[in-house]
Amino acid sequence: MTPSEDSTPVVRTESLSKVYRSGFLGRRRHRALANLSLAVRPGEIFALLGPNGSGKTTLVKILTGLLRPSGGKARVLGREPGHPDSLARLGYLSEAPAFLPLLTGEETLHLAGRLFGLDRRTRTGRIQALLTRVGLDQEKKRPVAHYSQGMQKRLALAQALINDPQLLLLDEPTAALDPLFVEIFQNILRDAARAGKTILLNSHLLSRVEEVATRVCILHEGNAVRQGTLEDVAGIPGALDLRVKAREPGAARRVLEQAGLEVESCRAASRILKDVYLEETRRAGKFDGAPAEKENAPEGGEKPHARPTP
Amino acid sequence: MPDPPPESGATRLRRTLSPLHLASARLRDGFRFPASWAAAAVLSALLLASALLLPSADPPDRIRLVASFVTGSIFFLACLGGVLLPAFLLAWKRQEKILEDWAAFPRGASNAYAGSVLASLAVLAAWVAFLGAAGSVVLLLAGASRENAISPKRKILPLSEGKNDLNLKPGDQARFAFASLDTRDAPPEGLDGLLEGRMYVREPQAIHFGTPLTLRLLDENGNPGRTIASTSSLRHNALAFHIPKEKLIDGFALEVRLDDSPFNVEIPDGGIFLLQEAGSFWTNYALAAALALAAALLVASFSAAGASFLSFPVTVSLASWVAVAGLLVDPAVDAHEAWQHMGLFRAKEGVPDLPVWFGTYRRIFELVVCILPDLGALNRASQVAGARAVQASSLGRALGQAALYTVPALIVGAFLYRRRESGSKTA
């Protein structure tokens, strides 16, 4: 599903603000959000970007109902944040997911499914599929306490997807994940968006966001300093990135200049380190995201990664 | 945003069971925690070791001693569980952010609170059952088999004549007649009796145990017969005695004599009773353990309400304060009565008026006594040890009292918890 400009936003905030109070009688104030207005439409992968303390997590927590705003309005799936009807159709992955440590991964997901009111058959089917998808199928009988931080993050992602949510709120989802699982994670997000789900994620890892997001909002000290599609925000008008095969960079440059094009830089291309890492780990037989086989092959719309060499 | 298709009734029903699912998950998690089993093993070992350190007394005395220790320990440890468990499952776990993640599920905050409270109550019940079982083993090791166990007695006959609220001074004698006794109904083993009283002394201001109190059975002519109980068996302010059946006569009397003592002995209204065997020792013991559970539930309700918005150490302090104060309600009321009896609360001639604050103090005291649960009344260690029957009806009353405190405490706790954990951190 393509995000439509006309469709009713899944998430809408109007002049949202949040002030934390601390110190004696709450005299010390810290403004986390200031008059933030944004709209996330169905099928979008909307990324909140910003440095630590810019208000990204505060916004996600307000949208899940875990925090109450100091001012402004927010609507999530057509309801007030934290309304049971909206929470029932929402998947939330917290920045530092916490679990009952001695339950197994499978039991943890069963518990989450029960809290959403899923029947046993639906639960069992989804859990098996999700565990396979996030690469925890072999580890499902182990207590969560024995999971690494990255595995816990993957379990949390599976938990966020257990109710087949219409909206995914992901707080720093790729933190603690290794590049292979970041790739798998990104594919899961793309699939979810293609299935019409809306995703709002926040991160300060710009390259990760750039690879999946359809729209971004850059926050700074609680203010939205820039909002729009990736092209709107990061595109350079009139400039193109080209990738050509040539024995000599100089020869390619001459051809382009003879064609009347202005070449700003021309360097030999190399693969980025992430691609080499993924290739090697897949070759070594590490989990590759099966059975979602389409994840392994480069997707049609996915851009090849290139890093200019100095 | 178009409205989603309505959820099925089955989904909603399943979701209403969320607190049970959360409680069950917490129990599974807790019972897999090695430290919980280690703590249980250490406690069992300590209780069993205590049986080996028992004094070499005759079986009944030995069993009384052990029963008092075991039943008292169950009560104390149950109350400790009541303080710690809800505080741990709510206030402590809040710091680990598990509860926050659960709050993002539909009605998550309320469910997380209810599930945690249910889990702590279930663990509390399991804890008291475990203590009861471990205590039974200790009692059996102490010789509390069926034959040796001290059978509980219940009061069947209060004194029918004599002075009520009797204050015996040194050298005094008092006689109590039991006219309504039909000796044909007396059990073949005779009758057991109990004299309950309270010692107090004005000078010197100290309490000594073992007042020289003598209890004698009078013959048909009212002449003193043999001494049936004396000070040596005075424990817990109660003098237990046994009258063989052949000594029982219609309208028989007992004589209480205080020979030479610095004490006065106050025998409250109806302070001498005749007793009849009522139930088995083990039933008595089980009822006492169940009452300890009721006490633990009372304490747990305060702990759960506190943990809904306070930190772990503050919650534990609050619940401990309630538990200690609840245990002191009865002694404090007794002390006030005694002081009143001694004229302490009355302005007397030649004595300056009571300070102004004293009236306020008394009103606050009475209010606190009204509010606090009387936990001491739920500790039946002395009854089990003293072979006095614990009435099954008292368990019903205790559970009713527990519900009276628990239900409002949990409603308030759930409200505060939801305010605190879900959408409540206002600026």
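I began with chain A, where strand E1 (residues 11-22) and strand E2 (residues 28-40) run antiparallel and are joined by 9 bridges; strands here are DSSP runs of E with at least two residues, numbered from the N terminus, and two of them pair if DSSP finds at least two bridges between them. I noted that this is a predicted model, in which local features need pLDDT of at least 70, side-chain atom pairs count only at pLDDT 80 or more, and totals for chains, interfaces and linings use all residues. Residues are numbered from 1 along each chain as its sequence is written, while chains are lettered from A and ligands numbered from 1 in the order in which they are written.

Next I turned to where the chains meet, and found 34 residues of chain B in contact with 35 residues of chain A, contact meaning that the C-beta atoms, placed from the backbone, lie within 7 Å. On the chain B side, the largest share, 6 residues, comes from H2(B), a helix covering residues 18-31; helices are DSSP runs of H or I with at least four residues.

Last, I checked what follows H6(B), and found B:Gly143, whose phi is positive, near 100 degrees.

How values were computed:
Contact = placed C-beta atoms within 7 Å.
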